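User: Got a model here that I'd like to talk through. Can you take a few questions on it?

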Amino acid sequence: MANPSPTDTALSTRQLTVSYHNQPVLWDINLEVPAGVMAGIVGPNGAGKSTLIKSLLGLVPTLSGEVLVHGQPYASQRKRVGYVPQRSSVDWDFPTTALDVVTMGLYGRLGWFRRPGRKERQEALEALEMVGMSAFADRQISQLSGGQQQRVFLARALVQQADVYFLDEPMAGVDATTERAIIDILRRLRDDGKTVIVVHHDLQTVRSYFDWLLLLNVRVIASGNTDDVFDINHLRQAYGGQIALLNDNDALMLPTAKGQ
């Protein structure tokens, strides 16, 4: 599949609204994420970050709005999209190997009634190699550490050979070595023309990780190039004034924000 042009819009939404029990979780979300960027989604607890990812992928119902991937409705573009969910949403006790988990990423291409063959197994092994997990291909997924499990799910997304990747808190609960490995892989995807969209909680690393940013708190606070969005005024709007900005390289001092 050819790489998208850098002038393309990888993801666009219009008036996307989600409500739970008559309470708005996302309200009137309008976005245009350019192709070929590493995009971060940042905001406080309860801002709707994970809900946004799920609504984009059709995993939760929406009240209104549309989602386009490279200019076409998401339903017609599913094969161009890869997804890495939060680790907490996965049943890690399910009896399957790391290789089997990665091979599941090929079902969208194969269809559910065609069994993976030697070619698909090789593709899955190569994806495990990319994330440094080939030695664990036959290990039960429940026997892996949290960081190793996250790498396996990243390999499952890689094997899909998507154009747009969504990752929900991929760095949560992993060690520093795994975090660096994940970021290196995501940067390679971006450098290959893919679009990578990441829900992220650590404000200390936003500037170094992302070149495009969405600051969210139920509504869009700001979106665009990270240097334009990641400033003290926008952050105070999103976090309710809980931000203290130091002069030393714009370092941020605030409680670590995890969650939705």
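Predicted model: local features only at pLDDT ≥ 70, side-chain atom pairs only at ≥ 80, totals over all residues.

User: Which residue in β4 stands opposite Ser 12?

Analyst: Residues are numbered from 1 along each chain as its sequence is written, and side-chain values use heavy atoms, with hydrogens and water left out. Strands here are DSSP E runs of at least two residues, helices are H or I runs of at least four, and both are numbered from the N terminus. β1 (residues 9-20) pairs with β4 (residues 64-69) in the antiparallel sense over five bridges, where pairing takes at least two DSSP bridges, and the residue opposite Ser 12 is Leu 68.

User: Which strands stand at the edges of that open sheet?

Analyst: The four strands run in the order β2-β1-β4-β5, with antiparallel pairing. Two of them have a single partner strand each, so one side of each is left without a neighbour in the sheet: β2 and β5 (72-73).

User: Is Asp 227 buried or exposed?

Analyst: Asp 227 sits in helix α8 (residues 226-229). Buried means under 20% relative accessible area, exposed over 50%, and partly exposed in between, with a 1.4 Å probe and protein chains only. At 63% relative accessibility, Asp 227 counts as exposed.

User: How far apart in space are Asp 227 and Asp 211?

Analyst: In sequence, Asp 227 and Asp 211 are 16 residues apart. C-alpha to C-alpha, the distance between them is 7.8 Å.
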